[in-house]
Amino acid sequence: MSLFSKRLAIILEEKNISINRLSALAEIDASRINGFKSGDAIPDMDELIRLSDILGVTIDCLAGKMQACKGFNKKYALYNDLTELRAFLLLAVETIGRILETEGKNTMQKNNGYKLK
């Protein structure tokens with residue numbers, strides 16, 4: 001799922017707009033909008049402009065620029081913060097794993113290959 005599709009889903013939920021309603025307002029087939037929401041389709045520029053106008057957000061905001069969404073979407077801000085935290089924690093775990101692996105090899109070499117208890 002793309003950032004655009006996640007953002008679209010959150011905006012629709014926050015603004016309480018159904019896919020059918022958005023379809024009628026934007027004059028875009030509902031199945032196509034479902035494709036946008038699921039990440040199976042990407043809007044062309046005309047569709048993107050219509051969606052941003054109807055939803056009251058900038059194209060940058062729909063496309064993923066967080067700074068373009070000032071004061072908008074508390075759920076997205078939390079999602080973004082948690083996504084960044086998750087990425088940081090995964091990197092930290094990977095780094096710690098490498099350090100422990102290196103330390104383990106160094107310990108084995110110092111003890112002629114035998115583990116000490």
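Which residues are buried in helix α3 (residues 30–38)? They are Ala30, Ile33, Gly35 and Phe36, where buried means under 20% relative accessible area, exposed means over 50%, and partly exposed lies in between (1.4 Å probe, protein chains only). The model is a predicted one, in which local features need pLDDT of at least 70, side-chain atom pairs count only at pLDDT 80 or more, and totals for chains, interfaces and linings use all residues. Residues are numbered from 1 along each chain as its sequence is written, and side-chain values use heavy atoms, with hydrogens and water left out.

The chain contains six helices and zero strands, following the pattern α-α-α-α-α-α along the sequence. These elements are DSSP runs numbered from the N terminus (helices, H or I, at least four residues; strands, E, at least two). Of the 117 residues in the chain, 28% are buried. Contacts (heavy atoms within 4.5 Å) can be sorted by separation in sequence: among those between residues at least 6 apart, 53% join residues at least 24 apart.

After α3 comes Gly39, with a positive phi near 90°.

Helix α4 (residues 45–55) holds Glu47. This residue has a relative accessible area of 7% and is therefore classed as buried. Leaving aside residues up to four places away in sequence, Glu47 touches Ile28, Arg32, Phe36 and Ile42. Phe36 is itself one of the buried residues of α3.

Asn20, in helix α2 (residues 19–26), presents another case. Its relative accessible area is 58%, so Asn20 counts as exposed. The C-alpha atom of Asn20 is separated by 9.5 Å from that of Asn34, the two residues being 14 apart along the chain.

The surface can be considered next. The chain exposes about 8,300 Å², of which carbon and sulfur atoms supply 57%; accessible areas come from the Shrake-Rupley method with a 1.4 Å probe, and for residues only the protein chains shown count as cover. Leu82, Leu85, Phe88 and Leu89 form a nonpolar surface patch with about 400 Å² of accessible area together. Phe88 lies in helix α6 (residues 74–110) and, at 55% relative accessibility, counts as exposed.

Methods. Patch = residues over 30% accessible without salt bridge, like charges linked within 9 Å, V, L, I, M, F, W, Y side chains within 5 Å. Salt bridge = Lys/Arg side-chain N within 4 Å of Asp/Glu carboxyl O.
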